[in-house]
Amino acid sequence: LIKHAVFTPHLSEASFAHKRSVRLDEIDSLPAGDIKRLIMPNSKTSANKADIGIVILAAGQGRRSGSNKLMVENKDGQPLFMRAVNAAIASDAKPVFVVTGFRHEEMEEWLDKLDINVLYNPAFAAGIKTSISMGLKSMPLSCDGAILLPADMPNITAADLNKLIDKFDKSAEKQLCMLACKGIKSNPVLWSRSLYDKADIVPENAQIRVIFAEHADYTQTLEVRDKKKLFDVNFPNDVKIFAGS
């Protein structure tokens with residue numbers, strides 16, 4: 001809350017209290033009572049297939065894009081962040097969490113009737129790590145791992161997410177799976193439960209430095225041929241490209 005107060009220009013009561021907020025200050029996972037209230041659609045996961053949840057990171061302010069990019073609509077009339085949400089819902093990943101923050105009221109109008117779990121992050125201005133932590137701490141213990149998916153990647157599909165899940169070996173204690181194009185690693189990233197305390201997303205300057213070197217021994221990558229598949233909306237021109245799609 002202190003970080004939120006320092007970094008947020010305009011504060012209101014809603015900044016610190018929200019009907020969908022979850023307090024996770026000193027616990028590693030949701031209490032049993034809260035887990036029972038999670039939205040968990042029926043899954044057809046086989047005995048050999050891992051149970052994987054997904055956290056969609058949709059709390060940021062999008063300052064570099066010059067606008068609230070996640071609410072920018074394309075020709076289909078849906079905002080950017082809903083591309084990631086729809087892909088997650090159609091995938092084998094269960095449960096689905098969407099972490100909101102900046103202008104969360106507008107997002108939740110789109111999310112209200114979907115089979116997903118919405119977590120409002122009041123400290124969103126302190127950085128994406130706060131959203132990652134909230135999402136992973138909310139993941140039920142029944143999940144073998146979790147996918148971290150930034151909400152500004154409109155071309156990621158349910159099929160892409162399922163490929164990550166299929167690549168995941170539930171018998172391995174430590175595991176990390178991600179997409180890559182010509183060797184350059186990209187989001188989304190699937191983390192095994194034992195690595196939640198280290199979990200992060202691939203930084204945007206991934207092409208100029210080594211990524212996740214400490215995890216190299218147990219990292220698996222899925223090569224993507226079309227670079228457009230990994231397109232993320234960061235700057236004003238990216239917003240124009242998405243809006244015209």
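The following paragraphs treat the aromatic pairs and then the salt bridges. The model is a predicted one.

A pair of aromatic rings is described by the distance of the centres and the angle of the planes. The count of aromatic pairs here is two. In one of them, the ring centres of F102 and F124 lie 6.2 Å apart; the planes stand at 55°, and the pair is therefore tilted. F102 belongs to the loop between β2 and α4, while F124 belongs to the loop between β3 and α5, 22 residues apart. F102 is partly exposed, with a relative accessible area of 24%, whereas F124, at 12%, counts as buried.

W191 and F212 also form a pair: their ring centres are 5.5 Å apart and their planes stand at 70°, so the arrangement is edge-to-face. Because W191 lies in strand β6 and F212 in the loop between β6 and β7, this pair ties together parts that are 21 residues apart in sequence. Both W191 and F212 are buried.

The whole structure contains six salt bridges. Among them is the one between K69 and D152, whose closest N and O atoms are 2.9 Å apart. K69 sits in the loop between β1 and α3 and D152 in the loop between β4 and α6, so the bridge ties together parts 83 residues apart in sequence. K69 is buried, with a relative accessible area of 10%, and D152 is buried at 9%.

Another salt bridge joins D92 to K49, with a closest N to O distance of 2.8 Å. D92 is partly exposed, at 34% relative accessible area. K49 and D92 are also linked with D166 in a network of salt bridges.

Key
Residues are numbered from 1 along each chain as its sequence is written. This is a predicted model: local features need pLDDT of at least 70, side-chain atom pairs count only at pLDDT 80 or more; totals for chains, interfaces and linings use all residues. Side-chain values use heavy atoms; hydrogens and water are left out. Rings of Phe, Tyr and Trp (its six-membered ring) pair if their centres lie within 6.5 Å; planes under 30 degrees apart count as stacked, over 60 as edge-to-face and the rest as tilted. Helices (H or I, at least four residues) and strands (E, at least two) are DSSP runs, numbered from the N terminus. Buried means under 20% relative accessible area, exposed over 50%, partly exposed in between (1.4 Å probe, protein chains only). A salt bridge is a side-chain nitrogen of Lys or Arg within 4 Å of a carboxyl oxygen of Asp or Glu.
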